[in-house]
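Me: I'd like to learn how to read a few features of a protein model. Could you walk me through them?

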Amino acid sequence: MLIPADTAPARPRTGTPDGADTAEGAVRERITALERFLGDPADDTNPFGRRALLDADARGEPLPAADAVPAGFGLGAEVVPAALGGRLERTDGLVRVLRALFRRSASLGVGHGVGPLLAALPVWASGTARQRRWTADLLLGGGTLAVAPREPDHGDRFAHGGFTAVPGRDGLLLDGRGPAVVGAARAGGLVVHARTFGGDGARGHGVLLLDTASLPADRFTVRPRHRAAGLRSCGVAGVEARACPVPSGALVGSAGEGAALAVRSNLFAQASVPGMVLGGGDTALRTAVWHAVGRAPGGDAAALSPQQRTVLARVFANLLVCDCLTLVAGRALHLLPARAALPAAVTGYVVPRLLRDSAYDLSTVLGARFHCDEGAYGVFRGYLRDLPLTGAGHVGGTASQSALVPQLPQAARRPWSRADAPPWDLFAVGGGLPALDVGRAVPRAGADPSAAALVSVARLLGAADGHRGGSRTGLLLRELVQGLAGELERLRARLRAVPGGGTTVLADPRVQALADRYALVSAGGACLGVWYRQRDAPGSFLAEPAWLVEALVGLAHRLGLPLPGRGVPTAEPVVREVLDRYHSARSYDLYGDRLYADGL
């Protein structure tokens with residue numbers, strides 16, 4: 001035992017175990033049902049198979065069967081709150097279900113998962129009862145919703161919209177264009193971010209919810225868009241309004257609330273969308289395992305080369321780091337809405353980088369096959385190409401960095417190392433949660449629960465070290481944790497010295513570099529919190545320290561911290577788990593969900 005029972009604090013649970021088990025069972029059932037609906041990826045006759053997906057991508061057209069996902073499976077219910085008849089109760093459940101779409105195709109995931117979600121978030125946060133009901137009925141009935149976000153002048157700062165809405169005779173007049181709107185051609189509803197007072201300030205923006213069927217055809221047009229560099233089968237089109245009359249009741253919230261709604265929606269998206277995109281990383285790792293095992297002598301996994309085993313273990317550890325971050329960020333929306341902004345920004349910043357680097361690592365396992373555009377290899381290459389676009393706009397890495405940097409000087413002045421232990425249920429894989437309220441999350445700086453977990457576990461491991469000698473794995477883990485804790489204290493001291501705060505620090509490259517390092521340290525804290533919360537689960541892979549050591553070694557390497565001697569083969573248990581999940585068709589994340597077994 002790495003942390004003796006008499007040194008570890010109690011970890012209270014949220015909710016009832018029976019309720020948590022019921023919720024977990026329901027999520028697993030929905031994942032299984034969606035996997036079955038999407039069918040065998042290797043079946044060339046399957047409308048959701050690899051052949052169909054690659055053909056649609058090559059044509060630059062939406063997958064012909066894609067519209068059956070919201071209508072046939074009822075996917076729209078996943079983004080509708082339970083109070084309105086949908087299935088959106090838990091952020092972690094939403095992420096895991098939509099992750100199944102990204103396992104097949106980023107275009108499928110963005111077009112039929114992320115797109116409707118981002119469109120609906122402002123309505124759930126601030127819409128009237130009538131707007132919420134209309135939106136819920138649209139999505140529950142198999143329809144879809146699209147969003148025309150504000151277009152930035154430069155970078156990820158969005159202060160000027162592509163649309164303006166001014167008072168008209170019987171409501172508002174909408175003018176402008178959105179050059180790239182996901183799902184515009186098939187959307188029954190459109191959410192538009194527009195300037196409402198003609199000014200440039202944040203209070204000069206509003207959000208409109210439009211019934212596209214009611215808009216006059218001579219004033220509102222959906223225009224085809226030229227072939228995109230990525231997400232080719234996503235169904236992206238342009239929309240244009242020319243003095244288009246819309247009712248005043250289309251306004252979501254108040255006329256000047258648009259910027260605040262966008263920030264709250266982006267916070268939710270930063271916490272959840274990276275976890276959905278993780279499904280593509282699952283498929284990339286599965287493809288590499290399939291390739292390596294298939295080419296091993298006699299198909300014997302034991303014959304994999306040391307280099308292949310190292311890469312597979314490192315990538316799986318990276319995927320677990322990503323899922324730890326998305327778990328904490330998502331559960332913070334329920335448990336700590338006033339402190340959810342920092343975990344969300346860290347998640348949106350770190351996860352895309354780890355997924356990108358992991359894909360390039362896996363290319364070394366694929367060798368020359370990495371350059372193939374057919375079958376499983378073609379899906380892998382499409383994932384790598386589309387990955388930067390899955391987080392484009394205000395939920396991507398640059399936007400997340402812009403959200404993270406201004407928070408850190410203020411957060412550094414809070415007593416991280418003197419804080420009480422974090423709420424350990426934040427790190428629970430499953431477990432009960434309070435009801436989700438999209439509008440409760442606060443986009444301002446707060447203490448980082450992952451940093452608190454790092455400090456707390458470092459103290460506990462230090463106490464255990466004084467309590468007894470411990471195993472070699474325990475000594476290795478303690479050395480890694482102490483290194484991260486020391487880096488956290490150094491970062492805190494340097495961030496406290498940063499003058500001012502707010503957006504003025506965005507242009508300071510020194511603060512950006514500190515934010516980069518801080519995000520990696522926070523990721524280590526998230527992993528430690530998950531491991532500590534799960535450590536007493538009998539027979540659980542997550543309760544064992546091997547994956548945690550591999551994850552922390554990777555983070556420490558990125559930070560340039562001294563690495564302890566690797567006298568313990570912690571990569572081998574991780575490789576065995578990778579191979580076991582491959583052969584048993586279970587997901588490469590914290591949950592090990594059952595997938596469609598297709599032999600790849």
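Reply: Leaving aside neighbours within four places in sequence, Val 328 is in contact with Pro 343, Leu 426, Phe 427, Ser 450 and Ala 526. This is a predicted model, where local features need pLDDT of at least 70, side-chain atom pairs count only at pLDDT 80 or more, and totals for chains, interfaces and linings use all residues. Residues are numbered from 1 along each chain as its sequence is written, and side-chain values use heavy atoms, with hydrogens and water left out.

Me: Is Val 328 buried or exposed?
Reply: Buried means under 20% relative accessible area, exposed over 50%, and partly exposed in between (1.4 Å probe, protein chains only). Val 328 has a relative accessible area of 1%, so it's buried. Across the chain, 58% of the 600 residues count as buried.

Me: How do I read a helix pair?
Reply: Two packed helices are described by the angle between their axes and the distance between the axes. Axes are lines fitted to C-alpha atoms, for helices over the stretch in contact, with angles from 0 to 180 degrees between N-to-C directions. Helices themselves are DSSP runs (H or I, at least four residues), numbered from the N terminus. Here, the axes of H5 (residues 106-126) and H6 (residues 129-140) come within 9 Å and cross at roughly 155°. Angles over 145 degrees count as roughly antiparallel, so that's how H5 and H6 run relative to each other.

Me: Which residues of H5 and H6 make the contact?
Reply: Pro 116, Ala 120, Val 123 and Trp 124 of H5, with Gln 131, Arg 132, Thr 135, Ala 136 and Leu 139 of H6.

How values were computed:
Contact means heavy atoms within 4.5 Å. Helices (H or I, at least four residues) and strands (E, at least two) are DSSP runs, numbered from the N terminus. Angles under 35 degrees count as roughly parallel, over 145 as roughly antiparallel, 65 to 115 as roughly perpendicular and the rest as oblique.
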